[in-house]
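Hi there,

Here is the structure I promised to pass on to you. Have a look at it first, and then read on for what turned up.

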Amino acid sequence: MNTRIQIRLNGKILTLTVPPFRLLLDLLRDEIGLTGTKEGCGTGDCGACTVLLNGKPVNSCLVLSGELDGADIVTIEGLKIGPHLHPVQQAFVQEGGAQCGYCTPGMLMMTKSLLDENQNPTEEEIRFALSGNLCRCTGYAKIIQAVQIAAAELRKDEAGK
Amino acid sequence: MEELAVVGKSVTRIDAEEKVTGQTVYGYDLVLPGMLYGKALFSTRPHAIIKRINTEKAKNYPGVHAVITGADAPWIHGETIKDTPFLAQGKVRYVGEPIAAVAAVDEDTAQAAVALIEVEYEDLPAYFSPEEASKPGARAIHEDYPKYHKADFIVTSPLPNVCEHFKLRTGDVEQGLRKSDLVLEQRYRVPAIQHAAMEPHSAHAMVDDSGKLTVWVPNDAPFRVRTETAEALGLPPEKIRYINPYQGGGFGSKGGLKVERIAIALAYHTKGRPVRVKFNRQETFVSTSTRHGAIVRIKSGVKSDGTLVAREITIYWDAGAYSEKSATVCIRGSLPSPGPYRIPHVKVDGYAVYTNKPVAGAFRGYGIPQAAWACEQHMDDLAKRLHMDPLEFRLKNIFVDGDITYWGEELHNVGLKETLLRATEAIGWGKTEKLDPKGFKIGKGFACISKPTRTPTTSNASVLVDGQGKVTILAGTVEIGQGCSTMLSQVAAEELGVPIENTRMHPLDTDVIPFDSSTTSSRSTFHMGNAVRHAAIHAREQLAQMASGILQAPEEHLRFSDGKVFLKKDPHHAITLGEVIRTQLGPDGVVRGNGSYTYELGKDVDPQTGHSDHASAFYMYATQAAEVAVDEETGRVRLLRVVAAHDVGKAINPLNCVAQVEGGLAMGIGAALHEELVVDNQGRVRNPSFLDYHLVTSLDVPEMKTIIVECPAPDGPYGAKGLGEPGLAPTPAAIGNAVANALGIRIYDLPLTPERVYWAIQAATD
């Protein structure tokens, strides 16, 4: 039995007919064709599939499509601001926050969520916010630096407004 | 020498932007037209005869296209020992071994059909320890081992279940021990751990009407796996094509035929339709490969002045159920296991031993981390008994330029001493800055390593320059996250004098790209860096010849920079590379430069003595140091900071070098403090998930300081050596030494979990 849902995905309204048990992760990757959101474990333990659901970070491998009617979803493909990289993307590029890059989309969505809430996080707050996003390449040092730089950049933007 | 323009600069990774925008297509993301979905059935027994398999119900399940067992895929593969069936042949040797596979219209259907396959087993006695499995009288896990096809260098043993016996014999170890003032013998253990690359394993395969097999897989050695596949299937290599999508980390796990062989076997039964096989995280943990668990017995003799006289080492490498890369891990991990020290009398026996456990294979460091865990803690214990400072003791014995190693090679360009001095200085060795806080003991420790690279090996490359002045690099090095595409672009940009934005790497496809041995063993910067450099120089020479006519100046008066050719004396007299090509070859002209590099002097070690006068194209040297606070009440080891000093020869991209080391450190910290693939007494992995297998998180890494030491290798590109692997090799031993320094207690087994440390403290207090 399929269900009809309407979602706002990266700012665009979509109407879909899907099995209600289809995972949001599979919906994005297999049905809609947005493969930027990654599958690392499928059990909510690694954070690679993090997307923003109504502004909050979720593991999309733990969300069922049946719950999504009316939801606002932002994925890595929706992070750019027009043609420009979002400051968190820019900072990850500059600081070397991505190596193999597989955890990067989830890491960036989690970072965006952190900085939406708190534009001046301490190092400890950054470490805590990202502790559910596993990375096997970087040792996190460059990621934490990138988040600090992005936060400073966003504060500057805010001050300039 | 002219100043370098791009090499040596921390340029931004050329693949960064596509990675932060989610555009990168990894193996796990790949979609092929008309593809079917494969799933495998895995053994639930550690060692058993397969009495019967019934696939009838699975075959009749709606949506199923193929159900296959070992009878339908009767192929055996193996890089050095051909012992591994594509699907189990009559028996299983570990829990997690693929037995059968299904291809269906979607993954859920395939999984449902797999669940309908019935297997009847007859259990056999199983071995879970390499010491037990190699005891005289133990039952053979591979009855046909003597008949297996093996590489020439494999040394067999009369002991049961030994698939490779490495021997190193230098001097007379018995006599050396007799002449020593102090003899110490210890036994260290390292458990299996898993690579846990963030991208799980997957492969896509298709057989077309002409019989050509194409495999899409992020494999770290596309040419080597093509050879292995060709040998197994009995096909000429040109009938096989490997295409590499991006790899989401590998660390040694994504090489050889793992998930690949299931996709390939199914592709022969799907009438030309491609098949995708994805391993989930649990399957990735259990059925790909692990790092070798190891048991290391080490015995040393020293003079009372601290001079090392003799060292005897026996290592049991737990190969798991199949040989995979065990033979070469055994050889290259055992060879330098006595450490980077001058020792006149050395005897090493390394045994790679089959057990009924998940298959062990290549893992970043290739045996060096296990050996270092033993050797470097043993060094500290020797120093303690000699009443010597561990730094002074090492300085007295470490490799320096001109030394002849115990494997018979004269060393040059040894940056080890500088790494040792700088790492110990940075950690404040010998200084006590703070008193132990209440309930904690503070300690410092350090450890050194040297690591060889696989030798001899070959890299080839081509560099294309087109009429727009754009440069395309054809190189078989796999971007596994290490930043090779940026490094190679820097090399090409340097030699052609073009902005790095004008360079790109061609996607890796064995039908197009020239041969490269592998993206392993930290060999790429040195070997492929040289090949791309030669190719770029070859292209530049052709361009110089053309430009010389246009600018009416001899070639030696020309200079390449900013995408142009100048007259050295008159920089205004210039022409762009694109114009040179367009003028000489027309608007669609292309200049192609070719390059090749092999370390010609390289020679495998002698199988009987372990000797070679050129065992490695270069050596990597490192010292790492750690400061810890141990909670005496709970046994928890808190890392306060770590320092890593690495001799890289020449940092082509300093930022990426630091990034490699930091990633290595985090992996080493995990191995030191919490990682262990736990196998129970029935051969089942008990923690195959990120919930139960504790990967290092952002909360687990302390302050990290990386020191880049540059002791150039004359044969390396711009003096570069390699760096991919050593970042994690000395880390556990450095932490172990810091814990021993804090507590005054030596712990011999990894990982240093709170429980293990707690009981060690209790045992010492009793």
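**Strands and sheet**

Let's start with one pair of strands in chain B: β1 (residues 36–42) and β7 (residues 98–104) run antiparallel to each other, joined over 6 bridges. To find one of these pairings on your screen, go to B:Phe42, whose bridge partner in β7(B) is B:Pro98. Please keep in mind throughout that this is a predicted model.

Where does this pair sit? Both strands belong to an open sheet of 8 strands in chain B, with the order β3-β7-β1-β14-β11-β12-β13-β22 and mixed pairing. At the edges of the sheet you will find β3 (64–69) and β22 (508–509) of chain B, each of which pairs on one side only.

**The chain as a whole**

Stepping back, chain B contains 18 helices and 29 strands. Its C-alpha trace spans about 85 × 70 × 50 Å along the principal axes. A compact globule of 766 residues would have a radius of gyration near 27 Å, and because chain B has 27 Å, the two agree. Of the 766 residues in chain B, 61% are buried. The contacts are also worth a look: among those in chain B between residues at least 6 apart in sequence, 80% join residues at least 24 apart.

**Domains**

How is chain B divided? Domain 1 covers 16–24 + 457–598, domain 2 covers 31–124 + 199–248 + 254–287, and domain 3 covers 293–454 + 604–765. For domains 1 and 2 of chain B, the C-alpha centres are 39 Å apart. The two are in contact through 16 residues of domain 1 of chain B and 13 residues of domain 2 of chain B. On the domain 1 side of that contact, the residues comprise 4 nonpolar, 8 polar and 4 charged.

**The nonpolar core**

Now for the inside. The largest nonpolar core holds 297 residues, and those with the most contacts inside it are B:Val102, B:Ala263, B:Leu266, B:Val532 and B:Val739. Which helix gives the most to this core? That is α14 (residues 524–551) of chain B, with 12 residues.

Enjoy exploring, and write back with any questions!

Best wishes

Definitions and conventions. Residues numbered from 1 in each chain as written. Chains lettered and ligands numbered in written order. Predicted model: local features only at pLDDT ≥ 70, side-chain atom pairs only at ≥ 80, totals over all residues. Core = buried A, V, L, I, M, F, W, Y, C linked by C-beta atoms within 7 Å. Buried ≥ 20, exposed ≤ 12 C-beta atoms within 10 Å, placed from the backbone. Helix = DSSP H or I, 4+ residues; strand = E, 2+ residues; numbered from the N terminus. Domains from an automatic or database assignment. Contact = placed C-beta atoms within 7 Å. Nonpolar A, V, L, I, M, F, W, Y, C, P; charged D, E, K, R; others polar. Rg over C-alpha atoms; globule rule 2.2 N^0.38 Å. Pairing = 2+ DSSP bridges.
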